[in-house]
Amino acid sequence: MSKVRIYARNLLANWIGHAANLLVAFFLLPFVLHSLGGERYGLWSLLVTLTGYMGVLDLGIRASTGRHVIVYIARGEHELCNATVRASLGFFSLIGLLLVGAGLGLGYLFPEMFANVPESFRPLAMLLLPLLAVNVWITAVATVFSSVLAAHDRYDLVQAVNLAMLTVRTAGTVVVLSLGWGLVGLASVTVGATLLAGAGNWALAHRVYRPLRSRPLSLSRERLRELMGYGVAAFVAGAAYRVIHYTDLVIVGATMDVGLPVAVYSVGAMPITYLWGFLTHIPETLFPPTQRAAARAENHYVRILCVRQIRFSLLIGLPVFLGFIFFGREFLRLWVGEGFTDAWDVLALLSGAYALALLTATLTPTLSAVGHVRFNMVLAVAEAAVNLALSLVFVLVLGWGLAGVAGGTLAAVLVVRMGIYLPLAIRLLGISPGMFARMVIARAVAGGAVMSAFCYVVHELLPSGTWPLFALRAATAGSLCLLTGWFLMLSPEGRRKALDALARIVGRPAPANSEEGAGVDADEAKGKR
């Protein structure tokens, strides 16, 4: 199978998996929200956010394991790969105890951290936080085996496991909430589904990679030192990103209320979370070939992959973010009811922030692949600090409420990502600033302006009020925006490659010049210094 077809298959598999999660969330959220009630759903969202912070306790070992497994398998160094896997599993066996302890500690401190939490919620928090901490541990272990599948470009198998987990979790959620088991039942279903995914990843990893020997577990100093060498910087960057993505709900719960305000913010942020996850599958899918190209010192091809990914992300993401801004209020009213239309302020501000972040999202994994993980770490910490500080100022000093929390995210993107990270990152990759401005930024500005005009016209001219009418507006605006992006975001060579990748998915034979790096267009060629 040709490389282009493999990448296209992997991206399609990742998108199918994420689309399934998106569809389930779309139909399941109103059921969960109304079954639990606004206050309990707000509590659940906050507890999930708090346990999300526990992921930093892996000290970057997950990210480092994935990177080293790719390198060792590519070199055929099977013993080193096995030693890395066993050391990672040994590390996570110890971390499991620390995670449960952290869950117990957070449960004990929960009433002190959120003084306005109702008395009836406190025993629930003390019970659920350790249970959700176990879920974080199982996820970490499962990731070790999924990294083996990713190193073999078998994202189709990774997503098959995820779809099985999603099916079990969805069916279980409906059953336990219908039986009235509430948050305890919801947490139990979550842990059970994750355990199933871990077993599936273990079985498939051993089947795909026959030399894999994951036992006995090991705590080899040499392997752990190697993992920590890359992992510490990844750990700090990961902690910073968790501040960026998870702290908003904590600020809302600490400064306003654990109940309805947290639920409203969570509803407004959820479409952004799912869309961003959808878009990050692009650099995630192409990280193994980028890492392999970097290992072979093919820097020109690394730059080409990076620019293509950014432009493709803009083509897919920009129309949806603009759609949230123009049509988000109506979408929220139809989706979850009149009581949550205030979530549009959150949705619109976060849409603006993440639309800008599209310009930098691919730069981060590309820089990690070529060895600039510490640079990513420093800038991630800076963005997290600015985000947290400005969110608190907007809420506590200016009194902007939920909009202030989301506004802090937007301001941090403008100050750190666009003002500092972007110009430094493209220079580190050896991309000419003039070329990047012409090939990416100019196309993004022109495309965004035309797409906004189309969205405005559709918003003003077409009727609204029901799901069929909303679908008509969304389809009309989306089609016009995608057509605009197709011609403005992609180069002629990029359009040809996109069509070629689609053809390969349905089985068309690969042309002779389809190898990696072939067919570089004139603009991309100028990116090489």
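Visitor: Which residue forms a salt bridge with Arg417, and how far apart are the closest N and O atoms?

Guide: Side chains of opposite charge can pair when their charged atoms come close. Here Arg417 forms a salt bridge with Glu383, and the closest N and O atoms are 3.0 Å apart. The term asks for a side-chain nitrogen of Lys or Arg within 4 Å of a carboxyl oxygen of Asp or Glu. This pair links distant parts of the chain, with Arg417 in helix α15 (residues 401-428) and Glu383 in helix α14 (residues 373-397), 34 residues apart. Helices are DSSP runs of H or I with at least four residues, strands are runs of E with at least two, and both are numbered from the N terminus.

Visitor: What should I know about the model itself?

Guide: The model is predicted, so local features need pLDDT of at least 70 and side-chain atom pairs count only at pLDDT 80 or more, while totals for chains, interfaces and linings use all residues. Residues are numbered from 1 along each chain as its sequence is written, and side-chain values use heavy atoms, with hydrogens and water left out.

Visitor: Are Arg417 and Glu383 buried or exposed?

Guide: Both Arg417 and Glu383 are buried. Buried means under 20% relative accessible area, exposed means over 50%, and partly exposed lies in between (1.4 Å probe, protein chains only).

Visitor: How many salt bridges does the structure hold?

Guide: There are eight salt bridges. One of them joins the side chains of Arg223 and Glu226 at 3.4 Å, N to O. These two are three residues apart in helix α8, so about one helical turn separates them. Arg223 is buried at 9% relative accessibility, whereas Glu226 is partly exposed at 24%. Glu222 joins Arg223 and Glu226 in a network of salt bridges.

Visitor: And the aromatic rings: what describes a pair?

Guide: A pair of aromatic rings is described by the distance of the centres and the angle of the planes. Rings of Phe, Tyr and Trp (its six-membered ring) pair if their centres lie within 6.5 Å; planes under 30 degrees apart are stacked, over 60 edge-to-face, and the rest tilted. By this rule there are 13 aromatic pairs. Trp276 and Tyr354 have ring centres 4.9 Å apart and planes at 70°, so they are edge-to-face. Trp276 sits in helix α9 (residues 260-285) and Tyr354 in helix α12 (residues 343-361), 78 residues apart.

Visitor: Which residues form one aromatic cluster?

Guide: That cluster is formed by Phe26, Phe27, Phe331, Trp335, Trp467 and Phe470.
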